Amino acid sequence: MSKFSLRKRIQSFRFAFRGIGLVLRYEHNAWIHLFATIVVIGFGLWLKISRPEWLFLILCIGMVFMAEGFNTAIEHLSNAVTREENSSIKKAKDVAAGAVLMAAIVSASIGLLIFIPHLLLKFNG
């Protein structure tokens, strides 16, 4: 095991931020997630949601972007292994894409549970 190096830790953060940038720049689904994030933040500010509600939304946003990042990594790694038809790689890609969808569905459900009562109060109260 190598010695701790602050320079190497800083470099690892650069690699991580570059990875985030790659997902946001080239993955079309990440653009959709980013748009949804902006809408959610806008609604949260407009409706003045509580701190615990913000915590849930931030966790959901992070979960969706993490799932998208893992999915993107699996896709790129799979494509580096082979471009030929491979049933195991197809299953891995499908499962990874399914994980993103599950994260998005759970996040949307939590968002609705948070925002609907606020919207009802806003328009009926």
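The report below goes from the overall fold to single residues.

**Basis.** This is a predicted model, where local features need pLDDT of at least 70, side-chain atom pairs count only at pLDDT 80 or more, and totals for chains, interfaces and linings use all residues. Residues are numbered from 1 along each chain as its sequence is written, and side-chain values use heavy atoms, with hydrogens and water left out.

**Overall fold.** The protein chain has four helices and zero strands. Its elements run α-α-α-α from the N terminus. Helices here are DSSP runs (H or I, at least four residues) and strands are E runs of at least two, numbered from the N terminus. Chain-level values follow.

| Property of the protein chain | Value |
|---|---|
| Radius of gyration | 19 Å |
| Box of the C-alpha atoms, along the principal axes | roughly 60 × 45 × 25 Å |
| Buried share of the 125 residues | 22% |
| Share joining residues at least 24 apart, among contacts at least 6 apart in sequence | 74% |

A compact globule of 125 residues would have a radius of gyration near 14 Å. That rule is 2.2 Å times the number of residues to the power 0.38, and the radius is taken over C-alpha atoms. Buried means under 20% relative accessible area, exposed over 50%, partly exposed in between (1.4 Å probe, protein chains only). Contact means heavy atoms within 4.5 Å.

**Helix H4.** H4 covers residues 87–124, 38 residues in all. The expected span is 1.5 Å times one less than the number of residues. A kink of about 30° lies at Phe115, shortly before Pro117. The bend is the angle between axes fitted to the seven residues ending at a residue and the seven starting there.

At the start of H4, a side-chain oxygen of Asn86 comes within 2.9 Å of the backbone nitrogen of Ser88. Buried residues of H4 include Ile89, Ala96, Val100 and Ala103. Helix H2 (28–47) and helix H3 (51–81) are among what covers the buried residues of H4.

The largest nonpolar core has five residues: Leu47, Ile49, Leu57, Ile114 and Phe115. Such a core joins buried Ala, Val, Leu, Ile, Met, Phe, Trp, Tyr and Cys residues through side-chain atoms within 4.5 Å. Not counting residues up to four places away in sequence, Ile114 touches Ile49, Glu53, Phe56 and Leu57.

Ser78 is found in helix H3. Its relative accessible area is 9%, so Ser78 is buried. A polar atom of the Ser78 side chain lies 2.7 Å from the backbone oxygen of Ile74. Beyond residues up to four places away in sequence, Ser78 touches Ile89 and Lys93.

Methods:
Polar contact = N/O pair within 3.5 Å; in protein donor to acceptor, adjacent residues only side chain to side chain.
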